Structures are given as structure tokens and as C-alpha cells.
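Open your viewer, keep the selection tool handy, and follow the stops below in order.

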Amino acid sequence: MKKSKYEAPLTDEERAFAAENHYIVEKYLNIRRLPRDEWYDVVIFRYLLSVKRWFALPELHKHNFEIIAFYAMRSAIGHEREKRRRRIDTISLDAPVAGTNGAILADIITYENMGYSYLGGVPGCGR
């Protein structure tokens with residue numbers, strides 16, 4: 001499968017431009033009050049894609065590069081938040097049950113309250 005021009009490694013010129021303007025990533029994270037250790041990986045790839053697009057699409061030059069990068073990073077944050085919102089939390093059957101004297105989830109599961117689907121298709125388990 002052929003890679004798109006946006007998937008190719010940065011050229012030397014693009015790499016220099018990305019390094020020169022890297023402050024934009026830090027500025028964006030600071031303005032949005034996003035912790036760097038949690039969000040840097042999310043925005044940096046979209047920032048680099050903005051650099052590729054900046055060089056590939058001269059019509060973008062009528063705008064300020066910072067604006068282009070900010071919009072791209074905002075989109076990356078939105079997609080990541082949506083992905084996190086849809087993610088199902090996994091809990092352990094060894095997790096303590098609030099309001100009990102040390103009971104864990106496994107202690108309170110009975111055959112009658114197993115109304116969930118089991119991947120193995122066990123009869124009586126909600127399938």
C-alpha cells in the first residue's frame with residue numbers, strides 16, 4: 001500500500017521548520033491548561049502533520065501557521081477525549097465494595113445477578 005505524502009518522514013526543511021516552531025506546541029498546552037505529560041503525545045503528531053500540510057499546501061500560507069497548528073491540535077484533543085469517553089473501564093473482582101466491611105465484588109456475585117453477556121456463551125449468563 002502506497003503511503004500518502006503526509007505519512008512520509010519530514011524532509012530536512014520540514015524538520016527545521018517544526019523545530020523552529022515547536023514553541024507552538026508548548027504554548028497550546030499552556031493556554032489550554034493541559035498537563036504536558038498526559039497530552040504532549042496526543043498533540044505532537046497532529047502538530048507534525050500540520051507541518052507536512054504547510055509545505056504540501058501553499059494555499060495555507062494565507063493563514064498564520066500557529067492558527068493552522070492550533071486547529072489541528074484542538075482536533076487531536078477532541079478525538080482523544082471522545083475515544084476516552086467511549087472506553088469502558090475495567091474493574092477487578094477483587095475491588096472492595098464501598099460501604100461494606102471489606103467485601104469484594106467477587107463476594108457479592110450470585111448466579112441470579114449475573115445479567116451480563118459472557119464471551120464464552122455460558123447458558124444463563126445473559127445470552
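A salt bridge here is a side-chain nitrogen of Lys or Arg within 4 Å of a carboxyl oxygen of Asp or Glu. Keep that in mind for the later stops.

Before you start clicking, note that this is a predicted model, in which local features need pLDDT of at least 70, side-chain atom pairs count only at pLDDT 80 or more, and totals for chains, interfaces and linings use all residues. Residues are numbered from 1 along each chain as its sequence is written, and side-chain values use heavy atoms, with hydrogens and water left out.

**Stop 1: the whole chain**

Switch to cartoon and colour by secondary structure. You will find five helices and zero strands in the protein chain, in the order α-α-α-α-α along the sequence. Helices (H or I, at least four residues) and strands (E, at least two) are DSSP runs, numbered from the N terminus.

Now colour by accessibility. Of the 127 residues in the protein chain, 28% are buried; buried means under 20% relative accessible area, exposed over 50%, and partly exposed in between (1.4 Å probe, protein chains only). The chain exposes about 9600 Å², and 55% of that comes from carbon and sulfur atoms. These areas come from the Shrake-Rupley method with a 1.4 Å probe, and for residues only the protein chains shown count as cover.

Contact means heavy atoms within 4.5 Å.

**Stop 2: the nonpolar core**

Select Val25, Tyr47, Phe65 and Met73 and show their side chains. In the largest nonpolar core, which has 25 residues, these four touch the most other members. Such a core is a set of buried Ala, Val, Leu, Ile, Met, Phe, Trp, Tyr and Cys residues joined through side-chain atoms within 4.5 Å. Which elements give two or more residues to this core? They are α1 (12–20), α2 (23–31), α3 (36–56) and α4 (65–86). Helix α3 supplies the largest share, eight residues.

Beyond its neighbours within four places in sequence, Phe65 contacts Phe17, Asn21, Ile24, Tyr47, Ser50, Val51 and Trp54.

**Stop 3: the aromatic rings**

Next, select Phe17, Tyr47, Trp54, Phe55 and Phe65, which form one aromatic cluster. Rings of Phe, Tyr and Trp (its six-membered ring) pair if their centres lie within 6.5 Å; planes under 30 degrees apart count as stacked, over 60 as edge-to-face and the rest as tilted. The structure holds six aromatic pairs. In one of them, Phe17 and Trp54 are stacked, at 6.2 Å centre to centre with 10° between the planes. That pair links Phe17 in helix α1 to Trp54 in helix α3, 37 residues apart. Phe17 also pairs with Phe65: their ring centres are 4.8 Å apart and their planes at 75°, so this pair is edge-to-face. Phe65 sits in helix α4, 48 residues from Phe17, and both are buried.

**Stop 4: the salt bridges**

There are nine salt bridges in the structure. Pick Lys52 and Glu14, whose side chains meet at 2.9 Å, N to O. Lys52 lies in helix α3 and Glu14 in helix α1, so the bridge ties together parts 38 residues apart in sequence. Are these two buried or exposed? Both are buried.

Move on to Glu66 and Lys27, bridged with their closest N and O atoms 3.0 Å apart. Here helix α4 holds Glu66 and helix α2 holds Lys27, so parts 39 residues apart in sequence are tied together. Glu66 counts as buried at 17% relative accessibility, whereas Lys27 is partly exposed at 34%.

Finally, select Glu38, Glu80, Lys83 and Arg84, which are linked in a network of salt bridges. Arg84 and Glu80 are four residues apart in helix α4, about one helical turn.

**Stop 5**

Zoom to Arg33, in the loop between α2 and α3. Most residues other than glycine have a negative phi. Arg33 has a positive one, near 55°, and is exposed, with a relative accessible area of 76%.
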